[in-house]
Amino acid sequence: MDERESGGGVAISVVEDALLACVQSDLRPSTMIALQSKLLQQVIKVAAKGVMVDLSEVDALDVDGFTALVDLTQMLKIMGAKTVFIGFRPGVVAGLAALDSDLSALRGCQTIRQALDLLHET
């Protein structure tokens, strides 16, 4: 890992040929704005083709937060980067399912290695 930037409840590092964004607090609107802004800037800066977003520290996610993550995925796709989410907690996934969220809209896994493998799939 190298090139580390943090602030706004988000730390971003470069891992191999991808960005790793670690969300260090719940996804409040201010955290989501910081995440979007930083990731879009860093994708351009390092020409990243993949982005991993670690949500293992996120205890709760409402429909608005979920929609913001889907929107982020679409923004990064337009910028040429694939997105994989790491570490969704079981309670978060169960809550989103109970709210009838389209869980297929996001790609997820449990480890950085799994995320890198998913990013390298064609």
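1. Is A81 buried or exposed? A81 is buried, because its relative accessible area is 5%, against a limit of under 20% for that class. The structure discussed in this note is a predicted model, and the points below should be read accordingly.

2. Leaving aside residues up to four places away in sequence, A81 touches V43, A48, K49, G50, V51 and L76.

3. T83 belongs to strand 5, which spans residues 82-86. This threonine counts as buried because its relative accessibility is 6%, and the limit for that class is under 20%. Residues up to four places away in sequence not being counted, T83 touches V51, V53, T73, L76, R107 and L119.

4. The largest nonpolar core contains 29 residues, of which L27, L35, L39, L55 and L69 touch the most other members. At least two residues of this core are supplied by each of the following elements: strand 2 (10-15), strand 3 (18-23), helix 1 (29-46), strand 4 (50-54), helix 2 (63-78) and helix 3 (90-98). Helix 2 provides the largest share, with 6 residues. Another core lies apart from this one; it has 12 residues, including L20, M52, I86 and L118. As general background, nonpolar side chains in soluble globular proteins tend to be buried together.

5. How do helix 1 and helix 2 lie relative to each other, and at what angle do they cross? Their axes come within 11 Å and cross at roughly 10°. Helix 1 is therefore roughly parallel to helix 2, as angles under 35 degrees fall in that class. The crossing of the two helices is right-handed.

6. On the helix 1 side of this contact are M32, L35, Q36, L39, L40 and V43, and they meet A68, L69, L72, M75 and L76 of helix 2. By class, the contact of helix 1 with helix 2 comprises 10 nonpolar residues, 1 polar residue and no charged residues.

7. Two loop residues deserve attention for their backbone angles. E16, in the loop between strand 2 and strand 3, has a phi near 55°, which is positive in a residue other than glycine. A47, in the loop between helix 1 and strand 4, likewise has a positive phi near 55° and is not glycine. Most residues other than glycine have a negative phi. E16 is exposed, with a relative accessible area of 53%, and A47 counts as exposed at 54% relative accessibility.

8. D100 is placed in the loop between helix 3 and strand 6 (108-109). At 72% relative accessibility, D100 counts as exposed. D100 and R28 are 72 residues apart in sequence, and their C-alpha atoms are 21 Å apart in space.

How values were computed
Residues numbered from 1 in each chain as written. Predicted model: local features only at pLDDT ≥ 70, side-chain atom pairs only at ≥ 80, totals over all residues. Heavy atoms only, no water. Core = buried A, V, L, I, M, F, W, Y, C linked by side-chain atoms within 4.5 Å. Buried < 20%, exposed > 50% of the residue type's maximum accessible area, 1.4 Å probe, protein only. Helix = DSSP H or I, 4+ residues; strand = E, 2+ residues; numbered from the N terminus. Axes fitted to C-alpha atoms, helices over the stretch in contact; angles between N-to-C directions. Parallel < 35°, antiparallel > 145°, perpendicular 65-115°, else oblique. Left-handed = near helix turned anticlockwise from the far one by under 90°. Contact = heavy atoms within 4.5 Å. Nonpolar A, V, L, I, M, F, W, Y, C, P; charged D, E, K, R; others polar.
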